[in-house]
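Hello,

Here is the structure I promised to pass on to you.

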Amino acid sequence: MSVLPRLFRWQHWGVAPVLLLFAGLLFSLYMLSSATENSAVIGPYYSWLLLGNALGLLVLTGMLGYQLYRLTIEYRQRRAGIRLTLRMVTMFVILAVVPVSLVYILSVQFLQRGIDSWFDVRIETALGDALDLSRDSMTGLIREKAKSTLKLAESVVDTPTSIATLNLVDMRLSSGADEIALLDTTGHVYAFSTTDPESLLPNAPSELIYSQLRQGYPYLDLEPVKDEGFIIRVVIEIPDTINLAVRGRRLIQALYPVADRLNSLSQSVQSAFAAYKELSYIRDELKNSFILTLSLALVLNILAAIIVAVISARRLVEPVRVLVDGTRAVATGNYEKRLPVTSHDELGKLVGSFNDMTQRVAEASQQARLSREAAEEEHAYVQTILSRLSSGVITLNSDGLVVTMNPMASRILLNSEVDLTNKSLDEIVDQFPGLHEFYNCIHRHLNADETQWQEQLVFLNHKGRQVLMVNGGLLSPEQGREGEHVVMFDDVTDFVQAQRDAAWGEMARRLAHEIKNPLTPIQLSAERVRHKCLQDVEGKAAEVLDKATRTIIDQVEAMKDMVNAFTQYARSPELKIESLSLNRMIEEILEMYKGEQQRAATELRLDSENTYISADAGRIRQLLHNLIRNALDALNGVEDPHLLVETRFDPLNNTLVLTIEDNGPGFDESIINNVFEPYVTTKQQGTGLGLAIVKKIVEEHHGAITVTNLVKGGAKVMINFSCMDVVSHASSNGGLG
Amino acid sequence: MALLFSGGLFARQQDFADLDLRLASDEFSLLLQGDLSFHFSKAALEALANGLPLAVDTEVIIKPANKWYWQQSLASFRYKLEIQYHALSQQYLVKGIDHTYPRAFLTQSAALAALGRIKELALVELSSLDPDEQYEVSIRSVLDSESLPVPLRPLTYLSDEWRLRSGWKRLHWPENN
């Protein structure tokens, strides 16, 4: 903002303009009051003074209005310090207005009584009496002068006018008159004699006097001469017996001076009476005039007091307001705020202390910010490590709420990234029932108040059998997380399975190598013995030899089959992945078992859409053979056997679910958890590799397999295959031609 | 200022005076003559009876008849007429336009008649007038409230009874045929 506009902002000048205006108006009011008392000197300026006062008050009212407007705006804006300002203004105004109003009321009362006391009946009567006395005194003098004039008139009766005019000077001198004139009732002046050498014309009587004379009455009266006292005018008709006038009748007029003493006294009485009469007449207006002046003074005082109060209150509150602003700034985190120190009093010291405080707070805040940033960096670093970890990490607070959870944790547990933070373990297990075993494991160790624990957890979920290596521990108070528990777990399912598969593969390979090699010589030897010796022996020996060699040959053949099966399990041929319809494959396989199916009611529930998977047709065919063979074997000897083969598209996981269900005896509970491991079987003639091969095929196709016993009886095998999307299915079909 | 307060700005009463005036001329001057019949309000007459002097300002403006309002006038005058009751002599003193000293009258009506009487008041010299031009003489009378006692003045600003003025009387010279 430039300097010039600032100069015009009068509020920057403080109370000086108000005080100057106040002083001017006070002087004006004094003059106004003086004008009432001394009308002659200041009276001509009364109107200007009144106008000046009115304008001054108008300006003050404008100033006050502006101040009140600012206060209102600041109050609405809830500006800092406004309430304190208002309280101080109210206090100042009360302190100023109450005494002034009291003085005003008392002054008005004193004024009214004082002016009333000027007027008294006795004074009025005395003045009236004095006036009458003066008038009576004058009347005597008038009569005396009338007699003198009558004598003068008689002295010129029937004297021709031309002769009479010659005697006028003598008549004036002898009678003591100032002026003597000879005239007639029509106003015609014949001659006059006067003491005033400059006078060219006589002081002619008025029309009324002529009229009175024409009616035959003489005129004799006192006439005031403004500022010069009085004269006595006597006009008498000359009692001529003959008509000597031009027109009408002749008159003689004499103007007599009044003695100085009498003149002075009469004038004094007249002035006093006139002044009293005037004052008496304007009595109420006089009071009103003084009250008006007093009222203007009152309004002036009140307006000036309020304006000065507002400005003073602002100035007093300003340091407090600045402090409040500063405090608010600090409260909002602005520690760089520095307040201007405008005074060296206690408030100035307070502002200085505030600045010191904010500086220290700013430094502390800077330190805290740096520490926080370091902590955040550390946290981010830890989070990055956690997100890269192949292990799942979960921290739980003392209430069992998940505080942190890395992405791998949800991938291991739920096969997808789901944010479970701020959820309790109970809520999680309600939402994901498959995690029930995991929940039980953690819950058990938490309740045991173990500071460090480890457990290998095996449970079934959507992926089938899952093996987790779970480590847990209580975070120490030194780590700043008192009561929190950290749980780390690794999915070792594949690892354990790979170990087992490798072991079983190695065993199968060795078995095939070590057993298969001697089997052929044994079989050949047994056949040669049978061929060479059977015809040489007879009777009982031949029967024994026949039975023994046959048994050897059959068992060797059986062992060969078993070794072939192990060989098949152990080898991992390269998959020929192609798009194939699982439904069509199922129908083909079931067709091959048509004869056996006649013993069991077979139900097919095949999904009509999305039944294509990417798979090796030979391996899937083997998978279906094994499962259907197992199911049909399980239905042997079962009344009302029933086989259900179902395919169902699961849009949620985009998988095709194959379910094979029978109402046979189901899996033995003792082996159901290890049913996919090789050589686990309850069948007398089984190799124990059927389901192990099935699981291997499922895993080769990145699927999942679960087996369960049905409550109503029977077993259910459920396999999830990743479903082909429409695009890839179309391209695959095109490729197949 | 006097006119502003007493008659110019706030005055309302337009029938304060009947202006029965005429223009005439003698050998040298343009003359004004006639009578101003004043109609004082009741309050003004009461004030007069109580000894207060009443002053009447009569304003005369002379300008060419075809001049615009705001154009400068040829001449303008203001005459103050005054009347006052004299208690001791029980007469009214009048100081009119053509009287240099006060005259005493026995009755109020005679005094008021004398107050407004104008006898051959010289306005301007004929030599200063253009013979080919017609002139307009405007006359107006206003009660001069500034001559009243100070305590009465605030009342005169507000009361119709004190804001007395006449309308403008306009005369033309030479007169229209």
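S391(A) touches N406(A), M408(A), I412(A), M488(A), F489(A) and D490(A), leaving aside residues up to four places away in sequence; contact here means heavy atoms within 4.5 Å. S391(A) lies in the loop between helix 12 (346-388) and strand 6 (392-396) of chain A. Helices (H or I, at least four residues) and strands (E, at least two) are DSSP runs, numbered from the N terminus. With a relative accessible area of 9%, S391(A) is buried, where buried means under 20% relative accessible area, exposed over 50% and partly exposed in between (1.4 Å probe, protein chains only).

Before you go further, please note that this is a predicted model, in which local features need pLDDT of at least 70 and side-chain atom pairs count only at pLDDT 80 or more, while totals for chains, interfaces and linings use all residues. Residues are numbered from 1 along each chain as its sequence is written, chains are lettered from A and ligands numbered from 1 in the order in which they are written, and side-chain values use heavy atoms, with hydrogens and water left out.

Next, the helices. Helix 11 (residues 283-331) of chain A packs against helix 12 of chain A at an angle of about 10°, and their axes are 10 Å apart. The axes are lines fitted to C-alpha atoms, for helices over the stretch in contact, and angles run from 0 to 180 degrees between N-to-C directions. Helix 11 and helix 12 of chain A are therefore roughly parallel to each other (angles under 35 degrees count as roughly parallel, over 145 as roughly antiparallel, 65 to 115 as roughly perpendicular and the rest as oblique). On the helix 11 side of chain A, the contact is made by L316(A), P319(A), V320(A), L323(A), G326(A), T327(A) and V330(A), and helix 12 of chain A brings L347(A), L350(A), V351(A), F354(A) and T358(A). The residues of this contact between helix 11 and helix 12 of chain A divide into nine nonpolar, three polar and no charged.

Now for the sheets. Chain A has an open sheet of five strands in the order 2-1-5-4-3, with antiparallel pairing; two strands pair if DSSP finds at least two bridges between them. Its edge strands are strand 2 (189-194) and strand 3 (219-225) of chain A, each pairing on one side only. Direction ignored, neighbouring strands of this sheet are turned by 15° against each other on average. Helix 6 (residues 121-155) of chain A packs on the sheet and touches strand 1, strand 3, strand 4 (229-237) and strand 5 (250-257) of chain A, its direction making about 40° with that of strand 4 of chain A. Strand 1 (residues 179-184) and strand 2 of chain A pair in the antiparallel sense over five bridges, and A181(A) stands opposite F192(A) in strand 2 of chain A.

Chain B has four helices and nine strands, and 53% of its 177 residues count as buried. An open sheet of three strands in chain B has the order 1-2-7, again with antiparallel pairing. Strand 1 (17-25) and strand 7 (117-125) of chain B stand at the edges with a single partner strand each, so one side of each is left without a neighbour in the sheet. Strand 1 of chain B is joined to strand 2 (residues 29-38) of chain B by nine bridges; S25(B) has L30(B) as its bridge partner in strand 2 of chain B.

A few backbone details may interest you too. Most residues other than glycine have a negative phi, and most peptide bonds are trans. D158(A), which is not a glycine, has a positive phi of about 60°; D158(A) sits in the loop between helix 6 and helix 7 (161-166) of chain A and is partly exposed at 28% relative accessibility. Q90(B) also has a positive phi, near 55°, and lies in the loop between strand 4 (75-86) and strand 5 (91-95) of chain B. The peptide bond from W173(B) to P174(B) is cis, with omega near -10°.

Lastly, the cysteines. C441(A) is buried, at 0% relative accessible area, whereas C533(A) is partly exposed at 33%.

Best wishes

How values were computed. Ala, Val, Leu, Ile, Met, Phe, Trp, Tyr, Cys and Pro count as nonpolar, Asp, Glu, Lys and Arg as charged, and the others, Gly among them, as polar.
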